[in-house]
Amino acid sequence: LEIPVTILNVNDNSPVFVQTNLTKVVPEDAKVNATIVARGNLSASDADLDIIFYELTTIVPGTDGYFAIKGVNNPEIYLQKALNYEKFNMTTLVLYARDRPVGSTEMANTATATINILIEQVDTRSPWFLPCTFINTEKSICISSTYVGTVKINEVPMEPLVLEPGPIYAIDPDYSLNEKIVYSIVGGDADNIFSVHPDTGNLTMNKAATSLDSYMLQVMATQVNNIQKYSIATVQIKVTAENYKPPYFHSRIYNGTVFVGLAPRSIVFQDYDSLRPLMITAADDDFPNV
């Protein structure tokens with residue numbers, strides 16, 4: 001007597017990942033839609049030969065939305081939006097593998113894999129002159145103020161010039177890289193009166209200024225490892241004359257004439273001369289041309 005026996009498959013096996021815990025280093029400038037973790041490193045198998053359904057979640061607050069999987073049956077992880085190292089430099093993803101669709105009323109078996117994402121900072125920013133003011137909430141754009149200093153005409157100070165709001169100083173905003181920066185004057189100094197120290201940014205004078213005209217210097221901060229990463233700041237140098245002598249009036253006594261009944265703000269005339277307005281003048285020998 002032959003008795004056919006059919007063995008029914010029971011869903012008694014959970015999916016199994018190739019790796020249950022892996023770490024991936026992702027450069028900050030990775031392109032959107034780039035593959036972060038290949039499908040082969042994340043696929044799960046099921047001894048019951050069921051179709052596997054995947055779901056990706058993020059467990060670090062503030063880092064969701066950056067990574068996603070290609071589809072419910074394709075666990076390949078790709079970059080969904082651009083990274084910003086200053087915003088976050090690591091996150092942790094959890095990938096679920098189920099042998100039934102999400103929401104199914106049938107009993108489902110589940111497996112999980114943990115993916116640690118480490119963001120690697122890349123040299124993406126040009127130097128910032130300090131102090132500067134951030135103009136966006138991500139603190140990725142910082143605008144510096146004009147440096148201002150004063151020198152005396154016909155004098156050459158031995159020390160570096162004192163500037164406001166502070167000395168010339170720039171940093172690499174890719175903080176973990178902190179590339180070396182050098183300084184140079186690239187404009188506003190046709191007579192070669194000023195020099196800037198390439199390493200410290202200290203501004204000194206090569207020779208005296210001979211006119212009271214202000215100088216608007218253009219100082220460039222450049223990364224040593226990449227000359228295309230640079231920024232330019234404006235340095236205004238005001239030239240003043242010596243001020244040793246007090247001002248004086250040209251006359252010790254001035255006499256004027258007004259008429260009865262004049263309205264306020266009417267002109268006062270010189271004494272006994274109704275055609276010449278009274279002029280009170282002063283001078284300063286330190287500023288003969290003013």
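This is a predicted model: local features need pLDDT of at least 70, side-chain atom pairs count only at pLDDT 80 or more; totals for chains, interfaces and linings use all residues.

Residues are numbered from 1 along each chain as its sequence is written, and side-chain values use heavy atoms, with hydrogens and water left out.

The UniProt entry, which is unreviewed, lists "domain: Cadherin" for residues 18-129 and 143-249. UniProt positions are in the numbering used here, feature names are shortened, and annotations may be inferred rather than shown by experiment.

Residues 18-129 are 0% helix and 46% strand, with the end C-alpha atoms 49 Å apart. For residues 143-249, the values are 0% helix, 48% strand and 47 Å. Helices (H or I, at least four residues) and strands (E, at least two) are DSSP runs, numbered from the N terminus.

A separate division, from an automatic or database domain assignment, gives domain 1 (15-120), domain 2 (128-240) and domain 3 (247-289). Taken over C-alpha atoms, the centres of domain 2 and domain 3 are 47 Å apart.

Now the cysteines. How many disulfides are found in the whole structure? The search finds 1, counting a pair of cysteine sulfur atoms within 2.5 Å. Cysteine 132 is joined to cysteine 142, S to S 1.9 Å. Cysteine 132 lies in strand β11 (residues 132-134) and cysteine 142 in strand β12 (residues 142-144), 10 residues apart. The link is right-handed, with 100° about the S-S bond.
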